[in-house]
Amino acid sequence: MFRLSASVLAGALIFASGIAGAASSPNEQLPAGPMQEESGAACLNCHEARIIVQQRLSKAAWTREIDKMVKWGAEVDPQDRDALLDYFSANFGPDQPAYVAPKTAGATISKSRSKAKH
């Protein structure tokens with residue numbers, strides 16, 4: 001019984017570490033630009049880049065978002081705020097193409113399994 005429990009525990013740990021590794025790995029990059037480094041320093045300490053890159057917000061909405069994040073603890077130099085706002089508005093504004101999530105191995109496996117059933 002102990003051997004089964006240990007192997008189940010080991011499997012669960014491997015599975016959990018795989019999920020944690022996938023969640024913490026940067027699957028998206030912020031685009032090159034004058035504020036890439038500053039935006040990474042301000043934002044990526046708390047969340048992944050994909051939280052940003054999937055947005056398509058107006059300049060007014062980005063203003064509210066940046067102000068909210070600063071209130072929640074994001075460290076943005078007041079002198080960089082307007083440039084950061086311009087960077088996000090230019091790269092993640094409503095005029096940009098819709099965000100397309102990257103394919104994952106899990107999604108590919110699920111699709112191939114569902115095709116095999118038909």
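Which residues is Leu 85 in contact with, leaving aside its neighbours within four places in sequence?

1. The structure is a predicted model. With its neighbours within four places in sequence left aside, Leu 85 is in contact with Lys 59, Trp 62, Thr 63 and Ile 66. Leu 85 itself belongs to helix 5, which covers residues 81-91.

2. Is Leu 85 buried or exposed? The relative accessibility of Leu 85 is 7%. Leu 85 therefore counts as buried, because that term applies under 20% relative accessible area.

3. A separation along the chain may also be noted. Leu 85 and Glu 65 stand 20 residues apart in the chain, and 9.5 Å separates their C-alpha atoms.

4. Leu 85 is one of the buried residues of helix 5, a group that also includes Leu 84, Tyr 87, Phe 88 and Ser 89. The buried residues of helix 5 pack against helix 2 (36-43), helix 3 (50-53) and helix 4 (59-71).

5. The next point concerns the largest pocket. Its space amounts to about 210 Å³. The lining consists of 14 residues, and those closest to the centre of the pocket are His 47, Ile 52, Trp 62, Glu 65 and Met 69.

6. Which helix gives the largest share of the lining of the largest pocket? Helix 4 does, with 4 residues. At least two residues of this lining come from each of helix 3, helix 4 and helix 5.

7. By residue class, the lining of the largest pocket comprises 11 nonpolar residues, 2 polar and 1 charged.

How values were computed. Residues are numbered from 1 along each chain as its sequence is written. This is a predicted model: local features need pLDDT of at least 70, side-chain atom pairs count only at pLDDT 80 or more; totals for chains, interfaces and linings use all residues. Side-chain values use heavy atoms; hydrogens and water are left out. Buried means under 20% relative accessible area, exposed over 50%, partly exposed in between (1.4 Å probe, protein chains only). Contact means heavy atoms within 4.5 Å. On a 1 Å grid over the protein atoms alone, a cavity is a set of points where a 1.4 Å probe fits but cannot get out, and a pocket is an open set with protein on both sides within 12 Å along at least five of seven lines; lining residues have an atom within 4 Å of a point. Grid points are joined across faces, edges and corners, and a volume is the space filled by probe spheres set on the points. Ala, Val, Leu, Ile, Met, Phe, Trp, Tyr, Cys and Pro count as nonpolar, Asp, Glu, Lys and Arg as charged, and the others, Gly among them, as polar.
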